[in-house]
Amino acid sequence: ARTPKSTPRRFAAVIMRIREPRATALIFASGKLCVTGTKSSHNSCLAVKKFAYIIEKVGFPLPPTQAIDFKVHNIVGTADVGFPIRLEGLVYAHSTFASY
């Protein structure tokens, strides 16, 4: 469910998680949200709407005529190459492109 966590001394945002779609949001005092952890832009948009709904239910009303300004800023891909990698050897062989 929702698990808000705030550590203002370390980081000036509330961290909130939802299960469906699985997502984590950084909620800033400025009203900006940063959503991570989803696997598609559609799920990101859905998560933003859910977080906005939660924020509204807590007592911060959203203007009824204002649509949520949603933008995708980056996409991250992951892969499993299927074998172990000697990190020191990789850095030694490609020191211009890597550091360890």
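## The largest pocket

Which elements each supply at least two residues of the lining of the largest pocket? They are β2, β3, β4 (33-36) and α1. Helices (H or I, at least four residues) and strands (E, at least two) are DSSP runs, numbered from the N terminus. Helix α1 gives the most to this lining, with 7 residues.

The largest pocket has a volume of about 1300 Å³. Of its 36 lining residues, those closest to the centre are Lys32, Leu33, Cys34, Val35 and Val48. On a 1 Å grid over the protein atoms alone, a pocket is an open set of points where a 1.4 Å probe fits, with protein on both sides within 12 Å along at least five of seven lines, and lining residues have an atom within 4 Å of a point. The volume is the space filled by probe spheres set on the points.

## How to read the model

This is a predicted model, in which local features need pLDDT of at least 70 and side-chain atom pairs count only at pLDDT 80 or more, while totals for chains, interfaces and linings use all residues. Residues are numbered from 1 along each chain as its sequence is written, and side-chain values use heavy atoms, leaving out hydrogens and water.

In soluble globular proteins, nonpolar side chains tend to be buried together. Here the largest nonpolar core has 11 residues, including Met16, Ala25, Val48 and Phe51. Elements giving two or more residues to this core are β2 (11-18), β3 (23-28) and α1, and α1 gives the most, with 5. Such a core is a set of buried Ala, Val, Leu, Ile, Met, Phe, Trp, Tyr and Cys residues joined through side-chain atoms within 4.5 Å.

Leaving aside neighbours within four places in sequence, valine 48 is in contact (heavy atoms within 4.5 Å) with Val35, Ile68 and Phe70.

## Buried or exposed?

Serine 44 lies in helix α1 and counts as buried because its relative accessibility is 12%. Buried means under 20% relative accessible area, exposed over 50%, and partly exposed in between (1.4 Å probe, protein chains only). Isoleucine 75, in the loop between α1 (41-58) and α2 (87-93), has 78% relative accessibility, so it counts as exposed.

## A salt bridge

Lysine 71 forms a salt bridge with aspartate 69, their closest N and O atoms being 3.7 Å apart. The rule asks for a side-chain nitrogen of Lys or Arg within 4 Å of a carboxyl oxygen of Asp or Glu. Both lysine 71 and aspartate 69 are exposed.
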